[in-house]
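Hi,

Here is the structure I promised to pass on. Have a look at it first, and my notes follow below.

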Amino acid sequence: MATYTKKQVTDLVHGELDWDSLHRMLSMPKDKERYGQFIEVLQEQVSWKDRIILPLGPHLFIVESAKDQALVTKCTCGHDFGDYRQNWKLNALIHVRDSEEKMSEVYPKLMAPHTEWQVYREYLCPTCGTLHDVEAPTPWYPVIHDFQPDLKTFFDWMEMPAPARA
Amino acid sequence: MTIMNNIADGSAVGSLLQSGLSLNDHRNLILQRTQESGYYNGLENLELKESDPIAYERIFSKLRAGLVSSREVAKKIAASPIVEQEGELCFTLYNVAGDCIATSTGIIIHVGTMGAAIKYMIQNNWEANPGINPGDMFTNNDCQIGNVHPCDIATIVPIFHDGNLVGWVGGVTHVIDVGAVGPGSMSNGQIQRFGDGVQITCRKTGVNDTPLRDWLHESQRNVRTPKYWILDEKTRIAGCHMIRDLVEETIREEGIEAYEQFAMEVIEDGRRGLTSRIKSMTIPGTYKTVAFVDVPYAHEDVAVPSPFAKVDTIMHAPCEITVKPSATWRLDFEGCSRWGWHTYNANPVAFTSGIWVMMTQSLVPTERINDGARYATEFRLPKGTWTNPDDRRTAHADAWHFLVSSWSSLWRAVSRSYFGRGYLEEVNAGNSNPCNWLQGGGINQEGEIHAVNSFETAACGTGACAVKDGLNHAAAIWNPEGDMGDIEIWELAEPLLYMGRTVKTNSGGYGKYRGGLGFETLRMVWGSADWTMFFMGNGYMNSDWGLMGGYPSATGYRFEAHDTDLLERIKEGMSLPQGKDLNPDMPEFEKHISPDARVKRDKQCITTEAIFENGDLYLNYLRGGPGFGDPLDRELEAVAEDLNQNYLLPEYAEKVYAVVISRDEDGVWHVDEQASIERRLQKRRERIASAVPVHQWMEQERERILDLNASTQVKQMFASSFALSSKFLDEFKSFWDLPEEWELLEESLGIPMFGAKHHMDLSELPDVHPVIMTEQ
Ligand SMILES: [Zn+2]
């Protein structure tokens with residue numbers, strides 16, 4: 001089984017990994033250590049002390065609070081979206097493209113959806129303005145709770161101790 | 001079960017297997033042992049693999065290599081560019097019970113669909129009547145048995161050893177035309193099975209390795225393109241016979257016992273393979289996702305025979321994926337909308353089997369894909385939905401319109417797993433909606449009755465990855481090989497000249513990594529006698545979404561032009577429209593055709609046959625893929641490169657990527673680094689200023705729901721899902737905090753709702769026992 005250096009994983013995170021290594025990652029059986037290496041690289045990129053448990057996106061993480069071990073969803077900038085079991089989107093800012101005018105800011109009119117059929121819902125960090133997710137549902141559609149991880153089982157699979165409050 | 005013996009021309013039930021069991025009893029025993037033990041056929045130990053691993057691998061490699069090479073050889077027999085250029089064919093080997101052992105490359109969705117046909121023959125006692133004998137051939141394309149759409153024709157050949165059935169081989173090709181109301185393999189216009197083209201239900205079409213004459217005569221006159229049809233059939237038969245020879249040779253070399261043991265163990269091995277991949281690549285938990293696509297049938301350019309089909313509707317496909325501690329998974333499609341009066345319905349087998357096509361591109365990228373993966377997966381497709389119709393009238397010619405749309409959302413779910421574990425190289429924001437399907441027919445440039453379906457769709461943009469952009473004009477979800485085909489070949493196959501073929505600017509979804517771009521080809525009708533064409537794709541809606549801050553790709557639009565005067569302009573050496581429709585809002589083609597031309601430039605991307613004269617124009621726009629990550633994270637140099645490659649319109653470089661750009665006198669774009677960094681900071685502030693807290697927006701949206709303020713198609717979609725799923729209704733009401741008595745009934749919308757209340761399922765036909773392999 002292939003393994004990779006921290007440098008290679010860092011390059012991967014930055015989108016700078018050479019094609020040969022990337023191709024090896026794609027074609028070889030997966031390296032179980034990757035998760036730990038990935039977390040280490042990400043942890044070095046953030047200014048806060050809370051421990052990253054699970055990345056949900058390039059700037060969004062489930063973290064274990066350094067203060068009280070609570071598991072919360074957090075932005076790179078430090079913004080706290082609340083308990084990780086809750087849908088972080090409900091605590092975000094939203095910008096909805098529900099008119100031709102608002103759609104035309106992102107696509108030519110003929111290349112954008114018709115807003116009587118579909119809208120774009122952009123979920124933003126209230127502190128730093130990072131765009132964390134774009135939903136493209138019909139009007140009226142409930143906010144999607146994309147992912148509810150079973151952290152206990154996950155750490156079991158990884159043969160690592162689970163966070164205390166998972 | 002009724003046991004029949006010695007029916008004339010049949011085979012005595014129980015005579016095909018050495019065990020003396022009927023095929024149905026044999027299969028039922030396997031299912032029972034699997035259910036009781038959790039292992040395929042109760043195989044807790046893989047005796048052959050463990051005791052003689054080299055023999056096991058030798059058998060696998062021989063079979064797999066033979067399947068792949070038989071496909072390559074057989075492909076050369078076909079004349080249809082869909083098969084010969086695009087590789088839309090596949091050969092699969094099955095064990096006696098109809099479970100797949102191994103498959104070739106190609107359109108591997110048919111691993112499941114041909115297996116379903118074999119199981120149908122087993123369960124409905126084909127053994128007794130019409131009988132199963134050495135040298136027989138069976139043909140199936142029946143969508144109610146599991147076929148994706150009628151144009152996928154399967155030839156199935158039983159394999160015998162010493163008078164006993166030891167397996168089956170199936171070959172499938174995507175034929176150009178099946179004689180549906182609309183010409184072309186994935187047409188529309190028809191809205192029921194009775195118009196969807198010929199459907200053949202596991203019919204015995206050959207004996208003694210020879211096609212029956214009645215079959216040859218009947219089948220060729222039922223389609224528009226008999227020459228392609230018959231060469232496709234020869235392709236399938238040749239491939240099946242090569243693979244049958246291969247199995248006979250393998251049995252001679254390895255012995256029948258080893259072969260039969262292998263044919264069971266390899267499936268349990270495949271089941272274990274999937275669970276081990278789930279455990280090594282995913283994260284246990286619950287994933288929720290959803291997809292939509294438009295069915296705009298109210299428009300005047302959609303001509304259908306029945307007035308009750310003239311409604312705008314929306315396909316709704318919510319999915320809850322549960323990755324379990326046991327490293328198996330469940331995919332539940334509770335809440336899907338109802339089937340409809342169009343050709344986009346799907347059968348459960350088409351749906352579940354197709355999912356393996358996408359999973360082989362990420363979760364199980366192995367040549368060992370077989371029916372084992374299905375045994376490690378629980379699917380639930382509620383009865384009455386578009387993916388499990390409860391009515392035998394449904395049409396399926398372009399089931400892909402719904403299938404590709406619904407699957408796009410599954411990429412997002414599995415990609416969250418890959419991302420969380422750091423396997424960024426596997427992340428895929430989704431698949432493009434691989435369309436437009438340029439189709440039509442009439443009398444072609446050879447003076448022959450003809451039909452076309454351009455498979456340029458096989459090379460759409462792919463979704464962005466978490467470490468790189470999607471690939472431009474590269475692939476389609478249903479055929480991982482991906483090939484747009486040579487212009488020269490399409491010009492031979494279609495009475496349509498290329499005015500140009502070029503990348504489709506701005507078609508990929510924005511993001512830190514953008515979706516792959518699609519492409520566009522402008523075609524001028526040339527040399528035809530009588531010719532029609534139509535459009536088939538998404539237009540008012542997107543079916544992909546973008547991931548983790550990335551945007552969906554661009555939607556489709558339609559451009560066609562009639563009375564262009566182009567033939568005159570060519571004679572006079574005047575300017576002509578070339579391939580590039582740079583910004584559809586600022587039309588360019590129109591400057592190079594007659595000012596009196598009739599132009600249709602709009603979002604109606606599904607139409608039915610329209611007359612095209614020589615000199616008329618048709619734009620075939622193949623879609624791009626969705627993006628990944630916040631566009632403000634895109635490297636500045638990458639934006640400059642996009643501009644210089646014509647991948648991005650300058651306006652959206654400024655608006656979406658928030659960069660400050662300029663163009664030098666050589667026409668080269670530059671991004672001002674310092675100014676762009678500041679512009680991006682300002683953009684973040686603007687985003688925050690123009691957004692509202694989600695709870696505040698929810699209050700407003702709730703009011704709109706209470707006021708029933710939405711388009712009819714949106715309300716129809718919700719009403720149809722509510723009627724089929726009280727769970728979906730309850731969750732909806734609970735999310736929006738609606739009053740207990742709140743309801744939305746389709747009856748209140750003032751549109752026809754044929755099929756909503758009154759329907760009749762296939763299982764109500766006499767003597768028919770459908771094979772059900774999913775929860776419903
Ligand atoms: Zn933030």
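Accessible areas here come from the Shrake-Rupley method with a 1.4 Å probe, and for residues only the protein chains shown count as cover. On that basis, the accessible surface of chain A is about 6,600 Å², with 49% of it belonging to carbon and sulfur atoms.

Some housekeeping: this is a predicted model, where local features need pLDDT of at least 70 and side-chain atom pairs count only at pLDDT 80 or more, while totals for chains, interfaces and linings use all residues. Residues are numbered from 1 along each chain as its sequence is written, chains are lettered from A and ligands numbered from 1 in the order written, and side-chain values use heavy atoms, without hydrogens and water.

Chain A has 5 helices and 8 strands (DSSP runs: H or I of at least four residues, E of at least two, numbered from the N terminus). Of its 166 residues, 60% are buried, meaning under 20% relative accessible area; exposed is over 50% and partly exposed in between (1.4 Å probe, protein chains only).

C77(A), between β3 and β4, and C125(A), between β6 and β7, link distant parts of the chain, 48 residues apart. C125(A) is buried at 0% relative accessible area, whereas C77(A) is partly exposed at 34%.

Best wishes
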